[in-house]
Amino acid sequence: MTTFQVPQRMDFPTAAPKVFKAVLALDAAAREGLDPVLLELVQVRASQLNRCAYCIDYHTSDARKAGETEERLHQLSAWEESSLYTGKERAALALAEAVTLLPRGVPDEVYEEAAKHFGEKGLAQLIALVFTVNTWNRMNVATRRTPGTA
């Protein structure tokens with residue numbers, strides 16, 4: 001099988017190290033207090049929506065390390081039709097999609113369902129996680145960061 005190598009446009013961490021370090025710090029702060037499996041599911045789903053191959057590769061690997069199953073990872077792109085996700089996970093995924101696809105806005109019912117499961121502090125962390133993964137996605141898509149690279 002012949003594969004196509006998508007050429008990376010730039011090494012962003014080298015080109016903009018202060019920005020890269022700031023996003024790393026934001027990422028660490030956004031993860032605080034969130035379940036490792038849930039946060040990886042959210043990051044994979046946002047990355048799928050943003051078509052970020054690097055982040056999909058990175059976060060599916062981290063999800064497996066956190067204990068996520070192959071079956072749930074395979075069904076993630078169709079989570080609404082799957083019975084494999086808890087109410088809390090479904091609320092987080094719905095919010096992640098709404099925040100990622102902002103032109104449609106964040107519907108009140110999506111926000112309220114997530115708030116019910118996470119409380120104000122947890123919801124703030126979840127929203128921060130989503131906008132952080134969106135930052136990573138945009139950085140890596142724009143520069144064509146190659147999956148499987150550090």
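Colleague: Where is Glu89 placed?
Modeller: In this predicted model, Glu89 belongs to helix H6, which covers residues 87-100.

Colleague: Is Glu89 buried or exposed?
Modeller: Glu89 is buried; its relative accessible area is 10%.

Colleague: Which residues does Glu89 touch, leaving aside those up to four places away in sequence?
Modeller: With those set aside, Glu89 is in contact with Leu38, Leu41, Arg72 and Leu84.

Colleague: Turning to cysteines, how many disulfides does the structure hold?
Modeller: The structure has zero disulfides. Cys52 takes part in none, and the nearest cysteine sulfur to its own belongs to Cys55, 3.2 Å away.

Colleague: On to the backbone: what is the phi of Arg51?
Modeller: Arg51 has a positive phi of about 60°, although this residue is not a glycine. Arg51 sits in the loop that runs between helix H3 (36-49) and helix H4 (53-65), and is exposed, with 73% relative accessibility.

Colleague: And what about the phi of Arg144?
Modeller: The phi of Arg144, likewise not a glycine, is positive and near 55°. Arg144 is found in the segment after helix H7 (108-143). Its relative accessible area is 33%, so Arg144 counts as partly exposed.

Technical notes. Residues numbered from 1 in each chain as written. Predicted model: local features only at pLDDT ≥ 70, side-chain atom pairs only at ≥ 80, totals over all residues. Heavy atoms only, no water. Helix = DSSP H or I, 4+ residues; strand = E, 2+ residues; numbered from the N terminus. Buried < 20%, exposed > 50% of the residue type's maximum accessible area, 1.4 Å probe, protein only. Contact = heavy atoms within 4.5 Å. Disulfide = S-S within 2.5 Å.
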